[in-house]
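Q: Hey, I'm new to this one. Can you walk me through a few spots in it?

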Amino acid sequence: MSPVMWAFGVYYEASVGSAIAMLAILLLIWKWRLLQVRFDKVITVILIIGFSFVCFGYRANAFSIIPAVIIIVLLREKKFLARVLLSASVLLGFIVSAFLPSLLNIRVLPSYSAGFAWEIVSVIQSMEPDKQHEYIDYMDDLFGDGATAIAVQNNSYDEQGSSINGMFNSPISSMAISEGDHSTRLVKRYVKMALHEPKLFLKTKWEFISHSLGIGKPVNMYEYYYQPWDPDNEFGLNDSQQRAFYVNFFLAFMEFNSIIRRPWIMYLLSLVLILIWRFKYQGKKAPLNLYEAAFLVSLFYYGAYLLNTQAFEFRYYYPSWILLFAIIIGLIPQMFFNSKRSKLITLTVCLVIIIATLAGGYKKYRETSDDIVAAIDNVDMLSVTI
């Protein structure tokens, strides 16, 4: 149906686990009212705990959906016991995912503060030279003399392909950020910067938020590289020509259909459809529907990346994207498939759009095929062997 589904369906990445788990949690909560047998309810509670563990275990920042899920449960269920059981199940999964690594003596690095460090460095980088001199040692007491200046020199935050990696090419590395009480102190420095330099802080913050939403610049499409560090040779694995076509067609498709990589458009379209569905078809006093619940979870999930991010990438947006995609393909047919003629017209338009986007993606792939072949020739991709 969509190359986005093809690619993420077979590609292991933390967002995939969270996306599957969020969809499962929503469906299980929605089915609760239909359950009459106590055994079915017990199994459902166990499943919610399990999917909650997967959701928060794959993506730590997914904890931001907890308020959304609890709001959904409170609006959906009227019985106190149901509210308690469903909310507690989600919270229990989160607690297990948070404390299990410690119980197994696995060190978990507090990566959330890295995004705050990146924003601090970016604010300093955006200052005029005289002003920048006042802050050029802003984090040196945490990371060593000259660390802030090196990070500012290497940093990039307002370009299409920008990410935290430039800053990490300095003493302010992921490991250094996780040492001791650095995470807590970085958050305090972040708040201090916001209070002391509000104009520059807000300007930089808007750059982070707008890029994350695809305003002005679409979010980046990375991953699926051809063994850039040759990681599979130790296992006797080589890449293949089939994968080369598969991966590069997908990347060309995403380049051609950059609208997919602009979250604000899908959020706006979904919101408009939800409002039309509620006020025209359901009535404003109707109970919460599944589309509204999915939109709320999507908003809370991706909202965490608007507050604190380390890159502007589609893979971070993917769980929210798939929820919005489900809303759009769920509501449009119900609104317009109300007669044989409208069904035929809508189906024809959908087929034309699908064919056009696939053809456009393939054309883009062919335009870049010479570069792709050259890249493939640099790697042994004749077969897959063990």
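Predicted model: local features only at pLDDT ≥ 70, side-chain atom pairs only at ≥ 80, totals over all residues.

Q: Where is the place of Thr204?

A: Thr204 sits in helix H13, residues 198-212 (helices are DSSP runs of H or I, at least four residues, numbered from the N terminus).

Q: And is Thr204 buried or exposed?

A: Thr204 is buried, with a relative accessible area of 2%. Buried means under 20% relative accessible area, exposed over 50%, and partly exposed in between, using a 1.4 Å probe and protein chains only.

Q: What is Thr204 in contact with, leaving aside its neighbours within four places in sequence?

A: Glu119, Ser122, Val123, Ser126 and Tyr157, where contact means heavy atoms within 4.5 Å. As for Tyr157, it is 47 residues from Thr204 along the chain, and their C-alpha atoms are separated by 8.7 Å.

Q: New topic: how many salt bridges are there in the whole structure?

A: A search finds ten. A salt bridge here is a side-chain nitrogen of Lys or Arg within 4 Å of a carboxyl oxygen of Asp or Glu.

Q: Which residue does Lys131 pair with?

A: Glu197, in a salt bridge whose closest N and O atoms are 3.0 Å apart. Lys131 is in helix H7 (residues 129-135) and Glu197 is in the loop between helix H12 (182-196) and H13, so the pair ties together parts 66 residues apart in sequence. Lys131 is partly exposed at 28% relative accessibility, while Glu197 is buried at 9%.

Q: OK, what about Asp141?

A: Asp141 forms a salt bridge with Arg189, with the closest N and O atoms 2.5 Å apart. Asp141 belongs to helix H8 (residues 140-143) and Arg189 to helix H12, so this pair ties together parts 48 residues apart in sequence. Asp141 is partly exposed, at 47% relative accessible area, and Arg189 is buried, at 14%.

Q: Which residues are linked with those two in a network?

A: Asp181 and Arg185 are, giving a network of salt bridges with Asp141 and Arg189.

Key
Residues numbered from 1 in each chain as written. Heavy atoms only, no water. Helix = DSSP H or I, 4+ residues; strand = E, 2+ residues; numbered from the N terminus.
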